[in-house]
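Q: Hi! Could you walk me through this one with me?

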Number of protein chains: 2
Amino acid sequence: MGVASQPSRLRVRRGPKKGRYDRASVDGVLDRGLVAHVAFVDAGAPVCVPMFYARVGDHVYIHGSTASRAMRRLAAGAPACVTVTSIHGLVLARSVFEHTANYETAIIFGVFRPVGPDERLAAFEAFTEKVLPGRWSEVRAPSKKELKATSILAVGLSEASVKVRSGPPDDDDSPDAAIDTWAGVIPLALVHGEPEPSPGLRPGVGVSPSVKRLLEESP
Amino acid sequence: MGVASQPSRLRVRRGPKKGRYDRASVDGVLDRGLVAHVAFVDAGAPVCVPMFYARVGDHVYIHGSTASRAMRRLAAGAPACVTVTSIHGLVLARSVFEHTANYETAIIFGVFRPVGPDERLAAFEAFTEKVLPGRWSEVRAPSKKELKATSILAVGLSEASVKVRSGPPDDDDSPDAAIDTWAGVIPLALVHGEPEPSPGLRPGVGVSPSVKRLLEESP
């Protein structure tokens, strides 16, 4: 899909070469991210709250208490903007002006719809598997009461775009390249530490296979 | 400052024990965070974009191109919500329902003001020092042209709150604690990798003292 075919609020204006609009790019950023920032309008003013989310096919699910202001506003059809950002590095240039960061961000505009009974268990599975792949089959499934206390909403990906900044600083080809200052990228990544057992963990219960796999894959 | 004295939109409603309103808590979350999600309203709909920022005293600065839609709307006095979130861990419970994450988030409501000539260099210094402490004195200062091309805005911290989730899963004292499944926290942290020199780096230019200090402090 080309840039020209995008609705105007979707088009990446600043640094248009950084924009992506294809679904593979959108899915990639959403699937690599961990937290979404969800914005809506309340009494004329913007509100932006962090939320856990999961993508399944053409939708992003969010969940929260049925009593939360954000979930109530969004369930009522308030227009929403869902933004997922991951930081990949600090970009150190020779000048103050060219300092920046490498990142990828996905922005979705849309209106959430409530998720009905048939879809709720699948959404819960997606949330759990996003926290840690394989976890769903290791833990107690949600009770009827728990399912009822949770508001689950879905938004489509028809108005989604991605912006990416990657690579070295932009001043390699400028007169600043003559300055005697180190320039480059310091990579950043969200990495896990050693698992910390819950104080109430029963003696003799070892780490779950899902946790073991995580440790083996990225020790 | 107590919870009761907070304007209503600031009050943390879900999990009120997770709320903090004192300036030390707000400053801490802002100073530890790296990216802000800034929300504003455009043509009636919310827009939420990631931005770099820096706190100096009682203000948070953001910067961007004078041509960007977000900076133009915010400079014109559009109400804003600035949210900074850091993730500290995955919380693995014995039930699907109790899975969550440990995090800290600061939310600021306010209206940005344009930053005048006298304050602009100090704001630039704050941005640079937030990317990497000590970097400001190693690099070329902004030119007049660069200063002119950048919009710098400030928002006060009078309407700011913090929400924190920390510690083990909540099901240690529930019947679920009898389940034979590992429960606990997998800590997460944004950590840096080996510095990657820019392809155009002049031969013989070693890493800057600021980079060296970063590597020594957290190898």
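**Strands and the chain contact**

A: Happy to. In this predicted model, L92(B) stands opposite G184(B) in β10(B). Helices (H or I, at least four residues) and strands (E, at least two) are DSSP runs, numbered from the N terminus. Residues are numbered from 1 along each chain as its sequence is written, while chains are lettered from A and ligands numbered from 1 in the order in which they are written. Since the model is predicted, local features need pLDDT of at least 70 and side-chain atom pairs count only at pLDDT 80 or more, while totals for chains, interfaces and linings use all residues.

Q: How many bridges do β5(B) and β10(B) pair over?
A: Four, in the antiparallel sense. Two strands pair if DSSP finds at least two bridges between them.

Q: And which sense for β5(B) and β6(B), and over how many bridges?
A: Antiparallel, over twelve bridges. Within that pairing, G89(B) stands opposite N102(B) in β6(B). β5(B) also pairs with β2(B), antiparallel over four bridges, and there H37(B) has T83(B) as its bridge partner.

Q: How many of the residues of β5(B) are buried?
A: Twelve of its 14, so the strand is mostly covered. Buried means 20 or more other C-beta atoms within 10 Å of the residue's own, exposed means 12 or fewer, and partly exposed is in between; C-beta atoms are placed from the backbone.

Q: Let's go to V185(B). Where does it lie?
A: In strand β10 of chain B, residues 184–192.

Q: Buried or exposed?
A: V185(B) is buried, because 22 other C-beta atoms lie within 10 Å.

Q: What does V185(B) touch?
A: Leaving out residues up to four places away in sequence, V185(B) touches G89(B), L90(B), V91(B), N102(B) and P168(B), plus E196(A). Contact here means C-beta atoms, placed from the backbone, within 7 Å. G89(B) is 96 residues away from V185(B) in sequence, yet their C-alpha atoms are 6.2 Å apart.

Q: What about E196(A), which residue does it stand opposite?
A: E196(A) stands opposite V185(B) in β10(B). Strand β11 of chain A (residues 196–197) pairs with β10(B) in the antiparallel sense, over two bridges.

Q: How many residues does each chain put into the contact?
A: 81 residues from chain B and 81 residues from chain A. On the side of chain B that touches chain A, β10(B) gives the most, with nine residues. That side divides into 51 nonpolar, 17 polar and 13 charged residues. Ala, Val, Leu, Ile, Met, Phe, Trp, Tyr, Cys and Pro count as nonpolar, Asp, Glu, Lys and Arg as charged, and the others, Gly among them, as polar.

Q: Changing topic: what is phi at A43(A)?
A: Positive, about 55°, although A43(A) is not a glycine. A43(A) lies in the loop between β2 (35–42) and β3 (45–56) of chain A, and is exposed, with 8 other C-beta atoms within 10 Å.

Q: And phi of A43(B)?
A: Near 55°, again positive in a residue other than glycine. A43(B) is exposed, with 9 other C-beta atoms within 10 Å.

Conventions. Two residues are in contact if their C-beta atoms, placed from the backbone, lie within 7 Å.
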